[in-house]
Every structure is written in structure tokens, then in C-alpha cells.
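Dear colleague,

Please find below the structure I promised to pass on to you.

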Amino acid sequence: MMISALLPLLLAAAPADRDWPAALRQDAQALHDDAAANHPGPINRLDPDFARRNDAGLALALKRAGQIHDFAGYLYAMRAYVASFEDGHMGFGTTGDAPKFETKWPGFLTSFDIAGVQRVVSRADGAPLPLGARLVSCDGRRADRLAAENVGAFEGRWFLKSRHIWRGGELFVDRGNPFIKRPVTCVFAVSGKKQTVTLDWQPIAAADLSPRLAVASQVVHPPVGPRTLADGTRWFNLGDFNGDPSSEAGRTLPGLIAAMKTDRAALIAAPAIILDLRGNNGGSSDWSRQIAAVLWGEQRFAGLKIDADSVEWRASEGNIASLSATRDARRAILSPEALKWFDRTIAGMQTAHAKGEALWRDTEDQEPPVAGEPPAPPRGPVYFITDSGCGSACLDAADLWQALGAIHIGQETSADTLYMDVRQDVLPSGVARMSVPMKVYRGRKRGSNVPLDPVHVFPGNLRDTPALEAWVATLPERQR
């Protein structure tokens, strides 16, 4: 069961006249202590270096507190600290009390293409470069090194190609990071010739920047829901697995899954079924299990050790309280199996904590096999589409559906470590919040920070839905 989601970076208006060095010291210490008290890493015998990484990240943040004077310095010092864990579930995001600050750009944005080349993907009218221009270097630094130092060091997991696509568009965005050198002069390749450009950094409004960054990362968020293509293909937009009942996904997915159950006979007779995970960064894995139960039947997957042989939970008071609060908040939309999982997990952690045991080992993370014959499976191919942001519960969906015979298409996914299921807390400053994993997988088939590669790689931009639909119709499984 996966109940985690990644924290977004939100910027909102609030007074900025405060002691930011003090806020950094306070929040960095709080993050360090929370990880020490609630993360399984410090007592994970297979990760003996965790505590050292946590201490080193804190030490660098405290050192940087003496070098900053504004919110941007605080923000990037904290982001670098969290990035040093190389774990997408160690999260950091700002709250509605975070201040705004000026953002600048040089009139264009670059991003990585599928071959790993940085090209101009968005430009203002009058920008000095055309779309498609290839970045060669800036101020004597190669394009790849520049991105690693100015972006990757504050994002983490830069060894993943998916991170390049997901966050590479930030290279020519200046939010006041004091720990990098903003590019001054860059060399591009345009129509086979090198062109040197002196950058003219100008302010850009968030309303203008946001859609440009979406283009750079190929991010698209189709509304959660079903549709039927002209040839009868059933297409399900599943770009959000949020488990909060008040969220759009929490309100929409129960009805969508209920309709799938009612319409199952027609659904499995469709020429193809598309499970579209574009835009899905995680949430609750219970949604993907419910969908799998409709399409393939629980008999085909209940009892399988798809995730791991077992899990170990950090049996801390904070984790028990967090898991209990999550269960109570989501009780109305949880499947019976998910509710049983919550109750059993909380009880196990409470028992271990009462005995003074730091870890509770759950050897029954999967439900026992379901009796009876499974229903007929889908007659046509079932595809699931991922983009570079697919992580957490989105990866759980991919693992499960792929094990049941679904075909992976789209782009390489993101990746996660063996640390899962996060708890979230607002940091003492009130301007940011953190997420910290509570459990560790044992014996998971997919390794730590290992992405999933599609069987069929989409050669275009995943934001182009009509092109994606046309491409899916040509896949070899559709021609049989």
C-alpha cells in the first residue's frame, strides 16, 4: 500500500522581512531531527551511511545560514539539503505563508530532448534564438555540467534521465539562488553554426512562466475521467492518485471506478484499453489496485509479492499518529482491503512501539489470495502511459499492471528508493513543509532509484494528445 505524494513547490504572498538565517537554522535542524526520529534510515542495517548523509546535509545548511539574507537563500539551502538524500520521498515544499520574489529569464527556456540534448523549447517574441537551438556551453561550462551544477544539485537524483526532462527547464530561470553563478554568455548551435548570445535577464510573471515550464517538462494534466475513441478504444485519464477525499481525484475516482465495474462487459470487449498516467506523481496505490481488480480480478494479483517480500516500519509515535490521521481522513473512500491494511499496520506499529522496538516488520503487506475463478481478462491489449514524473504510487501502479500483462508505453519513469509512505509536517518557520518516509521495502524486485523503461517509447512530445492517440493506434499489439 502506498499513501505518499510528492510535495510541490508553491510560491505565495507573505511578508518577507524576517530573519531568514534563523529560519534556515531552525527548519534544517527540525528536518534533521524528524528524519532521525521517524525515518527508518538511521536504523536500517542495509543503509549504514544514512545518518552520515543526514548530518552532512544539516552541516552544509547551517554553514549556508551564515551566507544568506533573504527567502531565496533559505529556499535553495533547504532544497539542497533535501536533494542530498537522493530520494524523491524526502520532500520539501513551501506553504501559503512563503513570500514571493522576483523571477527572471533571458527570453527563452531550454530543456532536454529524448536524446539528452538541451534545446530551446520556449521563447518570447524577439528572443535571440529560434526554437530547437542546441545549447553548447555557458561561460566556459559545458551544457551538461551547467545543468548538473545549477539545477541538479538542488533537485536531486540528477543521474535519472527523467529528472532532466522533468526539471531541466529551470536552467534559464533565475529565482535568486545565491549558491550558483547565473549564466552571462552562452554558445548555441543554430542550423549547424555556433551562435554566441549575451543573456539579457528580465522579469517574468508566474502566470507566463508556468505554462512555459510545462512545455519544457512535457507535463500535461488531462482531467481525470474516461473517454472512448472513434475505434472503440477505452481511454482513462488517471493523472492523479491523490488519496484525500476532498481533492479532485478523491471526488472523481470513486465514481470512475464504479462506472468501470458497471460497464465491465463492454470494457473488456474493447479493442484496446489505455490507462493514461501522464501527470501522475503519486498518491494512494489503492486506486491502481481497485482498477486492477476491475480489469483482471483480484484473484490474479491478491497474494502476489509484487512490491516486496516484506516491509519494515519505523515504529515511532509520530509515524503512528500520522498513519492514524491519514486512515481517519480517508476512511470514506478507502476500499475494504485498504482499510484492513491501515488497521493492521497501525496495530502492528503500536505493538512494536509498546515493546520498545524501533522497527515493526510486516510480512503480510499483500492480502491473501482471493477464492474463486477470476473473471475473463480484457480481450484486447491494455496499455499504460507514463511520463518522466511518474513516481511513488504511480510506479506502484506500473509494477502491478505490468505484472498483470499491461504494456508500458510513453517515456521512462521517475524512480524511488526503497523508503516509502511519507508523513508530512509543517516546519517551525511556517513557510515550508517536509515529507519523511516511514517504511522501507525488503526484497523489492525493482531496485532503489531504478526507473521503468517503456516497451514502446513515444518519439514525440507527450503534451500532444492527438499525436499520442494516433501513435498508439500503430503499435504492433493493435495490429494482431
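**Overall fold and selected details**

Among contacts (heavy atoms within 4.5 Å) between residues at least 6 apart in sequence, 77% link residues at least 24 apart. Please note that this is a predicted model, in which local features need pLDDT of at least 70 and side-chain atom pairs count only at pLDDT 80 or more, whereas totals for chains, interfaces and linings use all residues. Residues are numbered from 1 along each chain as its sequence is written, and side-chain values use heavy atoms, with hydrogens and water left out.

The chain has 13 helices and 19 strands, which are DSSP runs (helices: H or I, at least four residues; strands: E, at least two) numbered from the N terminus. Of its 480 residues, 57% are buried, meaning under 20% relative accessible area with a 1.4 Å probe, protein chains only.

N44 lies in the loop between α1 (20–38) and α2 (50–65). N44 counts as buried because its relative accessibility is 7%. Leaving aside residues up to four places away in sequence, N44 touches Y419, V440 and R442. The side chains of N44 and R442 also form a polar contact of 2.9 Å, that is, a pair of N or O atoms within 3.5 Å, of which, within protein, one must be able to donate a hydrogen and the other to accept it; residues adjacent in sequence count only if both atoms are side-chain atoms.

With kind regards

How values were computed:
Buried < 20%, exposed > 50% of the residue type's maximum accessible area, 1.4 Å probe, protein only.
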